[in-house]
Amino acid sequence: MKKIYKYMIVGLMACTTLSSCLESSLDTNPTDSMSGTGLLANANAALVPLNGLYRSMYSAWSPTDNTHQCFGISAYNLMADVMGEDMIMSAMGSGWFWYDCLYNVKSRYTATTWRSYDLWNCYYTWISNANYILAAEETMAGTETEVNYIMGQAYAIRAYSYFMLAQSFARTYKGHEGEPCCPIYVEPTVAGTEGKPRSTVQETYDQIVSDISKAVERLNGTTRKHISHIDYTTALGMQARIALVMEDWATAKKSSEEAIAASKCTIAKVSEFKGLNSVSAPNVMWGAEIISDQSGMYAGLFTHMDADADKYGAKARKQINKELYEKMGTTDDRLVWWNPEDANNKNGGFQQEKFKFSDIQTWMGDYIWMRIEEMYLIAAEAECRLGNDAGAREYLMDLMSKRDASYSCAQKSGTAMGKLTSDYTGSLLEEIITQRRIELWGEFGRIYDIRRLKQGFKRTTEMGWPTDALLVNRNANDPESYMWVLTIPQTEFDGNASLDQTKDQNPVGDTK
């Protein structure tokens, strides 16, 4: 692990430097006023490296030439969306995200400029930084509430990072519990730290569940200092997401319901959060407030999404699957998120208008990572899975009553799902998932849902996909495919003696 650890160890100090950029919005002290050990001496000082860690979640961070598609959480959500069938990339453009869309990255694991290296090192850097914070718990000065606020966030960040590693470098949880996943580290790492072998999927999720449970416990009763911080309700939202993947419907129901009850967020009308570029919208649970000197410019979400800016978004337009678009009723307010009449529509897909710069001239726009609407959709799915169709319909109607005045799901029932995402059965569960696909389009990462739902998918020209991206002769229709399981970067094998490349590397192709 020497090469990766070398990068990870400097992560804490690098993040503290980044945190100085947050002063105007997070009210932190300048980093040069503290020594390395002083950063974690007390809960107030610990906000500096913690804020720096959050800053890295929306910054262009890649140490190589990949920064324009490596800007943290929003970049990886976009990556996972173009890997599915609902978000169409109409053209290659400048190449950013195109190779994710075509599943043409796995064979490039020896390079430090491609997705395997990017994701692996980013998540492990966050884990390393969280471990340094957690190791200081016994010596950190402050009230119990103040220390809990720091530690709860560190546990949540570690849980989130391992959760995303598991979703990127292994097959989905259910049915693959005994398969290899990723190495687990829960202590601070130094240059001589011995590398760990790959833990199983079950062992990884055991760590994730433990960490997110501790995060929920520690953050309960604390008060969030900034929207970018993971608070009690955000941790509950993460717990609900994890439970969905694990098919733990009872926990998904409980956590999402508690998040709804505890949050001050409300389901917003489309007109109240048009552009998805402001964390001040009433439905935002967690996001990054981007201030004037923090714009990623070309290396940012809106550059890739907003075609009006005449940058990457205009060269590789992001469009909705026409088939999914037509699932909306004629009175659905979300229709404005896409433009069927755009003169630049290609191949039949409809240009997105959901993500827009708040100020094109200054490259400004906040990143939204969790909305309260998602909690209603999780609660609806969990109720449906538990056999309570009435409860599921009620949660779904809570959302849809703010979206479409003519909407009704009164006749929907059951949990039948098609083998392919385009094989519609008419069940209530399918309706919940369909509304989830529409509501969270571009925000969540469609491929993660496809994986956990164990459905295959197909892209067609009728949907609006260009012929270059149809994935001909690929196993996208097989939910057991390794197509969307990333390869481990070569640098990990070079530095970790506990891994054997001939045995521990994920399949480069679609099947094992």
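Colleague: Which helix supplies the largest share of the lining of the largest cavity?

Modeller: The model is a predicted one. Four helices each give at least two residues to the lining of the largest cavity, namely α4 (73-82), α7 (144-169), α9 (232-246) and α17 (446-453). The largest share is five residues, and these come from α9.

Colleague: What is the volume of the largest cavity, and how many cavities of 30 Å³ or more are there?

Modeller: A cavity here is a set of points where a 1.4 Å probe fits but cannot get out. By this rule there are 10 cavities of 30 Å³ or more. The volume of the largest cavity is about 190 Å³.

Colleague: Which residues lie nearest the centre of the largest cavity, and how does its lining divide by class?

Modeller: In total, 20 residues line the largest cavity. By class, 12 of the lining residues are nonpolar, two are polar and six are charged. Nearest the centre of this cavity lie F163, M164, Q167, R241 and F444.

Colleague: Which residues lie nearest the centre of the largest pocket?

Modeller: The largest pocket holds about 310 Å³ of space. Its lining comprises six nonpolar, five polar and three charged residues. Of the 14 residues that line the pocket, those nearest its centre are R224, D231, T233, A262 and K264.

Colleague: At what angle do the axes of α10 and α14 cross, and is the crossing left-handed or right-handed?

Modeller: Helix α10 spans residues 249-262 and helix α14 spans residues 372-385; their axes come within 8 Å and cross at roughly 145°. As for the hand, α10 passes α14 in a crossing that is left-handed.

Colleague: Which residues make that contact, and what classes do they belong to?

Modeller: From α10 the contact uses W249, A252, K253, S256, E257, A259 and I260. From α14 it uses I372, M375, Y376, I378, A379, E381, A382, E383 and R385. By class, the contact of α10 with α14 has 10 nonpolar, one polar and five charged residues.

Colleague: Which domain does UniProt annotate at residues 342-501?

Modeller: The span is 33% helix and 5% strand, and its end C-alpha atoms lie 49 Å apart. The unreviewed UniProt entry annotates residues 342-501 as "domain: RagB/SusD".

Methods: Residues numbered from 1 in each chain as written. Predicted model: local features only at pLDDT ≥ 70, side-chain atom pairs only at ≥ 80, totals over all residues. Heavy atoms only, no water. 1 Å grid on protein atoms, 1.4 Å probe; cavity = no way out; pocket = protein on both sides within 12 Å on 5 of 7 lines; lining within 4 Å. Points joined across faces, edges and corners; volume = space filled by probe spheres on them. Nonpolar A, V, L, I, M, F, W, Y, C, P; charged D, E, K, R; others polar. Axes fitted to C-alpha atoms, helices over the stretch in contact; angles between N-to-C directions. Left-handed = near helix turned anticlockwise from the far one by under 90°. Contact = heavy atoms within 4.5 Å. UniProt positions renumbered as here; feature names shortened; annotations may be inferred.
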